[in-house]
Amino acid sequence: MTETSPPASADPDSEELVIHPPRHRVDRRFILWRTLNTLFWALGVMGVLVTLCALLDGMRTWLLPITLIVGAIYLVNLAVMPTCRYLVHRWETSDEAVYVLQGWLTREWRIVPISRVQRIDTERGPLQQVIGLATIKVVTASSEGGITIEGLDARVAEETVRHLNRITQATPGDAT
Amino acid sequence: MTAGNPTPDTTAEPAPGPESHPEIPWERLSARMVWINLVRLVISVVPGVLATAVLDTPTGPAWPLLVASAVGVSATALACLRFLSTRYRVTGERVERTTGLLVRKYRYVPRDRVRSVDSSARLRHRLAGVRVVHIGSGEARSSFKLDALTAATAEELRRELMPDAAGEPEEEAGRETLGPQPGPHEEVIARFRKPWVLYQMFSVWAVLVVTGPAFGLHWLLQPFGVDLLELVGELVDYERRGFWWSLALCLAVAYPLGFIGLALTFVMSHWDFTLVRTTAKGHPVLLTRRGLLSTRTVHRDETRVRGITFREPLLWRWLGLTRTSVITTGLRQGPDEDSAAGVLPRVRMWEAREVAARVLTGEPSPLEAPLRRHPRGALTRRLVWAACGPAVVTGVLFWLGRTDVLPDRAWLVGVGAWPVTLFAAVFSYLALGHALSGSYLVVRRGAVNRSTVALQHRAVIGWTLRQSIPQRLGRRVTVRIPTPAGERHYVLPDASTRQALAFIKGSTPQLAAQFIGEAESGGRRAAPPP
């Protein structure tokens, strides 16, 4: 067995390192898009739960509390989540890497070097099309390593993807 | 670069498809397989016929026999269909296969993408002198097998797709064609040792080795009026001893038998095991040969090896045993030992370390590196979860018990889970560790199934850092390491932020410069005001 060394105090790399946040915010319409999205989901899920509660007497004892809890979660999600996310989400692309920060309760930083990118696309759902937003998808050789940047202005997204595709083609690397 | 799209360098050759290269003929599989399947058919049908027609007194339900016969018939039919419909060929650029009678399916692997050519043989293949050839491309979607080719054809195909640098002697007298091939230069890394048999024997699941076939036999004998369950019941004196003592007695008999069964299986599959480094196609190759009756050879392109994994489930960890597999781009990595990535059976840790050091040459073995422990907060977090999880479960079960959905005592399950989860939390914390060693990064994790991973820095294709609210307060972060090799990603849970950032900076300095900086220089890329 390899013995573990005592915890962090004996750390040789004691220089204090920090993570820089990515440069850009997502578009403001992200809040609207996320709210509508959540609203539709909430209507669907709560509709099913409430119907079940109303129809099935036998299950109500335990279904009712679940419905209430799910309802409360959706309320919080609707009220706070889109804005919180907007305040947190950031993205950045450079000639070397694609880098994003996402999440609201749990934060997540993701970075992929351009030389390992296999494919970059934009994606626009129906709701996004109406609002004029787009999502950038970056695909790598590892399903875990991909990045999606949601809620960009459609023009910005198009431009970024075109730019990134140009760089990926110019960057040597087997993408694996 | 983009998978699936025709890239400029492939325009010179015809696009892949069954119609390309009409001048190269398609080959058939070996017809011997059809004969051996017919024999199998007879063997599978005879008991059913005996029971229903000859004895004519099916006292028990006859359907298990009918099912067995039906399975045998359909397996033979499938084998015949496979023989009729499968064609394969090797062109200048690709290995191709078409299957399917009604819907023709076409698969191909570009020859430069062929990562492994294995051959395996079950007893019936051996009797027929044929081999199943597995052509691995690294992707499950395009890999395929040819079931089956004659031994000579299989060997020819293997040599064509993965030619060894120097010519080999044709065939040693009395030896398997596909078996040992004294290549140009072979460095033996590991060789079968007798104690290994002992290490494979002791498994919690050993009992299944006995009970599985026993139940099969039970179903088989039922139509003949023999009730095996009753017989066993009489043997252990079920009436007198009661359920638990009978069960204990059965287990006491079944486990030793199971251990012996496992030992035999291991000897059959791993006898003469050798792991050697040799050359094929001018590439260094890690080659495994093993098997008593059915020889299996596995070629692994060493240029695609990106690291090594030790896997130690709890019981083995206490016994000091580990399973070793290489992390490669290409080979599918699964927990099962048969997957080509496994380079060693279950052996002692020190042995595995020695082999690992010889597989990953060129620097001090990363798996010897002392691991850094993670901050205490990681332990606290695990203990809190371990305490809260069962508490919540207990509460919910108690409430459900009160509302008559579940039995009243159901909440005891939650209480019983407590010590288990608390121990798991401690084990999980003790398993955590990471290190940087030469051109490798090492991460270790896993409460029950501990795995230690040594991965080359060049196989890291990005980083994902996750930080939940408690982690943010405790200044900890979970790092996920995406990679095209092995399991596609490895996780370093709950390192302190400082450890994690130093880890990232140490393994990919260039990429780290994009998003990690020193605190003093903060604001180098400060975000513009919103």
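How far apart do the C-alpha centres of domain 1 of chain A and domain 2 of chain A lie? They lie 28 Å apart. Before I go on: this is a predicted model, in which local features need pLDDT of at least 70, side-chain atom pairs count only at pLDDT 80 or more, and totals for chains, interfaces and linings use all residues. Residues are numbered from 1 along each chain as its sequence is written, and chains are lettered from A and ligands numbered from 1 in the order in which they are written.

The domains, then. Domain 1 of chain A runs 24-84 and domain 2 runs 90-170, with bounds from an automatic or database domain assignment. Each of them gives 12 residues to the contact, where contact requires C-beta atoms, placed from the backbone, within 7 Å. On the domain 1 side, strand S3 (24-25), H1 and helix H3 (81-88) of chain A each supply at least two residues. These elements are DSSP runs numbered from the N terminus: helices are H or I with at least four residues, strands E with at least two. H1(A) supplies the largest share of that side, 6 residues. By class, the side has 7 nonpolar, 2 polar and 3 charged residues; Ala, Val, Leu, Ile, Met, Phe, Trp, Tyr, Cys and Pro count as nonpolar, Asp, Glu, Lys and Arg as charged, and the others, Gly among them, as polar.

Next, H1(A) itself. Helix H1 covers residues 29-55 of chain A and helix H2 residues 60-79; their axes come within 10 Å and cross at roughly 170 degrees. The axes are lines fitted to C-alpha atoms over the stretch in contact, with angles from 0 to 180 degrees between N-to-C directions. The pair is therefore roughly antiparallel, the word used for angles over 145 degrees. Among the contact residues are A:Leu39, A:Val45 and A:Leu49 of H1(A), and A:Leu63, A:Val70 and A:Tyr74 of H2(A). The contact divides into 13 nonpolar, 5 polar and 1 charged.

An unreviewed UniProt entry annotates residues 31-56 and 62-80 of chain A as "transmembrane region"; such annotations may be inferred rather than shown by experiment. Residues 31-56 are 96% helix, with end C-alpha atoms 37 Å apart. For residues 62-80 the values are 95% helix and 28 Å.

Last, the sheet. Seven strands form an open antiparallel sheet, ordered S3(A)-S4(A)-S5(A)-S6(A)-S19(B)-S20(B)-S21(B). S3(A) and S21(B) stand at the edges with a single partner strand each, so one side of each has no neighbour in the sheet. S3(A) pairs with S4(A), residues 90-93, over 2 bridges, pairing being at least two DSSP bridges. A:Arg25 has A:Arg90 as its bridge partner in S4(A).

How values were computed
Angles under 35 degrees count as roughly parallel, over 145 as roughly antiparallel, 65 to 115 as roughly perpendicular and the rest as oblique. Two residues are in contact if their C-beta atoms, placed from the backbone, lie within 7 Å.
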